[in-house]
Structures are given as C-alpha cells and as structure tokens.
Amino acid sequence: MKKEIFPSGEKLSKEQIVHYLNCDDDIELQKLFDLAKKVRNSVCGNKIYSYGFVYFTTYCRNDCNFCYFRASNKIERYRKSKEEVLEISKALIDDGVNLIDLTMGEDPEYHKEEFQSVLEIIDVIKGEYETPVMISPGVISNEIIDRFAERNTDWYALYQETHNKELFSKMRIRQSFEERMDSKTYARDKGMLIEEGLLAGIGESPEDIADSLLIMGDIKASQMRVMSFIPQEGSPMENFKTPTRRGELTIIALMRIMYPHVLIPASLDVDGISGLKDRINAGANLVTSIIPPKSGFMGVAHSTMDVDEGGRTIAEVKVILNDMGLELATKEEYVEYEKQLRSYQRYI
Ligand code: SAM
Ligand code: MD0
Ligand code: SF4
C-alpha cells in the first residue's frame, strides 16, 4: 500500500497553531473549519464511522481531579457481568456500530484477575461477533498489553489530557506522566493502533495545546480526541466552568488539517446529540459514546445525558448525518479504513 492513500498534512509550526487557538476572527475560523471539512471529505468521502461505548466498571483506584468516577467521590458504582457486557455489545453491533470500545475505571478487581474476563469478552466480540475492539483500561502492565495485542485487539485508548507535566500532575494526581506515555507507545510497538486525547478547559495554555498536537503526531496516534471539560458533582473541580466550545472545535479542525488520515471523534459524551453537528462540521469523522437507552450503562463526562432518552443511538445519529448529506459507514467500510491506517503507520 502506498503512502499516497492519504493526503499529507499541513506542517503547522507551534506559532501557527497558537495563532489559530487565539483567533477570535469568525471569518478566519470559518475558513479553517471549511478546509478541515474539505480534507475530511477527501479522505472519507461522505462516510462517518461510529463506535459503541461500553463502560463496564465504574470502580476506580485513581483520583483524577476532573472525573466523576474518581475513587474519593461517594457515588453509586457498578461492575457489569461478562454476560451483560456481551449482551450490550451485541445490541450495539446489531444497531450498526463499527467497533466496541470497552472502557473501565482502573478497577482493582480486574487487575487482580489479570484481565482474564476482559480477554474472554474480546475473544467473543472479535471471534463470534466479528467486530473490532478498542480497550480503554487506563494504565496496565506491559504483560497485559502483550495479551491484548496477541488477541489482535485493534486499539488501545489512553489519554494524557495534557502534555504539560505540571498540569498533568494536578489533574491525574499521584500518576506518572512517563508511565502513561510509555504504556501507549509500548502498545503501538506491539502492533496496536493508539488513541491519544486532550481535555480542553482544565487550565492549559494555547502553547500547551500546540505542544500536545505536535506530540500526538510524533507518537503516531491514529485516533486523536479532544473533549471539553465538564464539571463533576462532588469532585475538586466541581466549580470550574466548562469552556466555550470554540476551543474544542478549533482543535478538531487543526488535528484534521495536520493529520488528514486520523480518526477524530465527535463525542456524544460532551454535549449529547445536540453537539454532533458542530463537531462533524469542524472535521470529525467518527461518532463515539453511542449507548443503548435504558441499558444501565453510563457515559463519562455526562454520565447520563441523553442515554435513557435514546439520544445516543445510531438511529438518532443517522438522521442528523443524513440531513448533512453524510452517511454512517458499514463495519466492512470501517475495517477497510482501519487496514489503511495500519499500512500508513509504516510510512510515517
Ligand atoms: N479510566 C480510564 C482512563 O482514565 O484512562 C478510561 C476511562 S476515562 C473515564 C476516559 C476519559 O474520559 C478520560 O481520559 C477523560 O479524557 C474523559 N473524562 C473524564 N472526566 C471528564 C470530564 N469531567 N469532562 C470531560 N471528559 C472527561
Ligand atoms: C467517548 N465516553 O467516546 C467515551 C469515552 C473512552 N475510550 C471514550 C471518553 O466519548
Ligand atoms: Fe479513574 Fe479514568 Fe476517572 Fe481517572 S479518568 S478517575 S483513571 S476512571
């Protein structure tokens, strides 16, 4: 497969990135979004990909300052059985999602059993259901990463949130910046695709975001995300304000222009279904956080928003995308795209 399967990205300098992040000229920003959309269409045509979200345990040993599910937050938690996880995954696949994102808090129970039940779940989803899988387990040992990689688990998602080490230590308290970076690059070197991610509105500067955008390219992330911070009840950042969405949308557009090949989520977790259109119009090519209604499963940033109301379903997403002249990709089309991403990895 040739490198030319994807257009090459704009090599923006840190100064150029900072310029756009500081830009408050609506006309200039609209030009950026239009360019991002044009780049996206040249890569994906009118297709948009979709991931089902399965947050199967909300227990966590960590105390991230921004997160509702941090260990010290006194909330109701759940840990779903293997059967429940498979049932919801099957329902999502039947609805038409392209991939299942198995997400968890850093639950000590799973560390104790060395992720045996997660591996068994992956075997069924990949084998019997013939569907790609992403795992979002937090930091895990290299030995466990080896086991995921051996099973051809497609993706390892692990978001740094910021690449400013001082800010990182205030957000992901008592966690190692290096260990988190090393886990994802190790997974990449073992053949897994990796997703890197940012939180917007946690006290970062435009220069920090520019650094992150450049690092995401350096580590060869094939999926890149940004989500606006949503304040969580009971957490230390409860009274922080959520930022305006201009930042998130500008970052999506910059990612698309700099790295035309990557998957960039429009996450329903940030603003629910009403936030879909703007993110797609900024250059996103993937809808994430699709959750069946009344399933008893949660989102993260907005743990319950639009879930039971059925707002986070394929049916709802389809209506909005079709209105925009876009279509949801089939699983086969997604698998082909993933294959191209893998080939492209070798050239960058
Ligand atoms: N526990 C694993 C980890 O931290 O890597 C995986 C799940 S974690 C809940 C997934 C992501 O949700 C975080 O990396 C963060 O980007 C996002 N998130 C958590 N709290 C958020 C908030 N308050 N606002 C926006 N995004 C948030
Ligand atoms: C999402 N709520 O896609 C999910 C989550 C974890 N890999 C993804 C943050 O928005
Ligand atoms: Fe735990 Fe992940 Fe939330 Fe941090 S972001 S507290 S690791 S669930």
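In what follows, Ala, Val, Leu, Ile, Met, Phe, Trp, Tyr, Cys and Pro count as nonpolar, Asp, Glu, Lys and Arg as charged, and the others, Gly among them, as polar. This is a predicted model, in which local features need pLDDT of at least 70 and side-chain atom pairs count only at pLDDT 80 or more, while totals for chains, interfaces and linings use all residues; side-chain values use heavy atoms, with hydrogens and water left out. Residues are numbered from 1 along each chain as its sequence is written, and chains are lettered from A and ligands numbered from 1 in the order in which they are written.

Around ligand 3 stand Y55, C60, N62, C64, F66, C67, R70, G105 and R172, each with a heavy atom within 4 Å of the ligand. By class, this shell around ligand 3 comprises five nonpolar, two polar and two charged residues.

Which residues of α9 are buried? With buried meaning under 20% relative accessible area, exposed over 50% and partly exposed in between (1.4 Å probe, protein chains only), the buried residues of α9 are D208, I209, A210, S212, L213 and M216. An α-helix has 3.6 residues a turn, so residues three or four places apart point the same way. The cover over the buried residues of α9 includes α1 (14-22), β5 (193-200), β6 (223-228) and α10 (246-258), contact being heavy atoms within 4.5 Å. After α9 comes K220, whose phi is positive, near 60°.

Further along, R312 lies in the loop between β8 (286-290) and α13 (314-323), and R312 counts as buried because its relative accessible area is 0%. Leaving aside residues up to four places away in sequence, R312 touches several residues, including L268, D269, S289, H302 and D306.

Two further residues concern the backbone. Most residues other than glycine have a negative phi. E114, however, has a positive phi of about 50° and lies in the loop between α4 (108-112) and α5 (116-126), while E161 has a positive phi of about 75° and lies in the loop between β4 (155-157) and α7 (165-171). E114 is partly exposed because its relative accessibility is 44%, whereas E161, at 6%, counts as buried.

Technical notes:
Helix = DSSP H or I, 4+ residues; strand = E, 2+ residues; numbered from the N terminus.
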